[in-house]
Amino acid sequence: MTSRTRQQDIAPSVSEALRLMKQAVQSSLDLGDINPQSVCKAVGMTKPQLSSWLTTTSPSPHWDAKVAEWLKQAQARALSANGAQHRGASSSVSSKGSGKAAKASQPAKASPSGGASAKAATSRESTPGGKGVQAGGKASTEQSVRRLKQDLLELETYIPWTAVSSAWQSKRAAWERKTCAAGDAGCVVQQLLALERFLLPCAFEARWSAGNEWRARLLRQNSAADVKQSLRELEDAMHWARFGAHSTLVERYEQLLTSRAGEQLERLGARRLAQVRSTIDSFGYAGLADMAQDCIAIAGGAEGAGAELRELRESICAALGVPLTDALLRLPAKCARSTLLGTFYEPSTSLLRAF
């Protein structure tokens, strides 16, 4: 078989796999098993991008790979959660992702021994009316706690490593086991508090000012519904948009380092260029334009300072994939503001003469 023939045989298989994947996502959305916002957060896309991805028949390598990875992680978590119900604990859920951009709701899963509803029905048939109602209520509570644990485990999975303390890596496995083994909402409360304690300030869109009040309220909660509301409150305060942009910023930063502009910036300020990467990992940039501003601040100069400096700014923007706007072009020579340190840099004349 020739190479071209093999490629022709493989292509339909890939197309069919993509079609089935999109069909599965669309079906889950239609049935309400997952919601669009969850998918968008998980893979870092907007709702219009999700709609476009679902309807297009042509490959989209960027989104295809991200959605496939999300589905893989979701399936792994579902299998692990089901296994935990039989064993009473789970050794692991799934490998932690590089970034959440967010938690995704899971399809309803049958519980052991025929499910909670079957258990409740059997109890009602074999016991007096009052006991049957109590059994049904107990099964419903167990199911609510089980879903609450799954929500917490999924939330943790999508939080990037750079948003948690370095100590979390050694604590995480034990935390997962305890979360899977939690028998009631009160136990889940302790696991949620444990996770929150390891989150860094950079994980939140603003300073976690509600933290103390949130913790005090959480400690008073003993129902799965109330704890789930607190979990959502914590989730909503996090930097999901910046988590989703992290991989793009890292990719463009690496492109800059390998470019001629990157070499020049290394000579001008290697330490400050390294701090740009630190700012990326601490989610300090809202987008590429912010990062470009810091890189241009390292270069210094201003409009009219020389054709070489203008060329350097253009090269920086080209490497980062952002347009050289008037705002970036007109950064003053003696006060090129950097979002990196929140200060103003004064480029030395000796460095400027190097260009």
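How many helices and strands does the chain have? The chain has 16 helices and 2 strands, where helices (H or I, at least four residues) and strands (E, at least two) are DSSP runs numbered from the N terminus. This is a predicted model, in which local features need pLDDT of at least 70 and side-chain atom pairs count only at pLDDT 80 or more, while totals for chains, interfaces and linings use all residues. Residues are numbered from 1 along each chain as its sequence is written, and side-chain values use heavy atoms, with hydrogens and water left out.

The mean pLDDT of the chain is 73, with 68% of its residues at 70 or more; pLDDT is the predictor's confidence in each residue, from 0 to 100. Over residues 1-12 the pLDDT is below 50, and this stretch has 2 contacts in the model beyond near neighbours in sequence, a contact meaning heavy atoms within 4.5 Å. Residues 84-95 also have pLDDT under 50, and the model has 34 contacts for them beyond four places in sequence.

Of the 355 residues of the chain, 43% count as buried, that is, under 20% relative accessible area, with exposed meaning over 50% and partly exposed in between (1.4 Å probe, protein chains only). Among contacts between residues at least 6 apart in sequence, 71% join residues at least 24 apart.

Two residues can be set side by side.

| Residue | Place | Relative accessibility |

Leaving aside residues up to four places away in sequence, H246 touches T162, I280, D281 and F283. The C-alpha atoms of W161 and D281 are separated by 9.3 Å, although these residues are 120 residues apart along the chain.

Helix α13 (residues 288-299) and helix α14 (residues 307-320) pack at an angle of about 150°, with their axes 10 Å apart; axes are lines fitted to C-alpha atoms, for helices over the stretch in contact, and angles run from 0 to 180 degrees between N-to-C directions. Helices α13 and α14 are therefore roughly antiparallel to each other, a term for angles over 145 degrees. On the α13 side, L288, M291, A292, C295, I296 and A299 meet L309, L312, R313, I316, C317 and L320 in α14. By class, this contact of α13 with α14 has 11 nonpolar, no polar and 1 charged residues, where Ala, Val, Leu, Ile, Met, Phe, Trp, Tyr, Cys and Pro count as nonpolar, Asp, Glu, Lys and Arg as charged, and the others, Gly among them, as polar.

Key: Angles under 35 degrees count as roughly parallel, over 145 as roughly antiparallel, 65 to 115 as roughly perpendicular and the rest as oblique.
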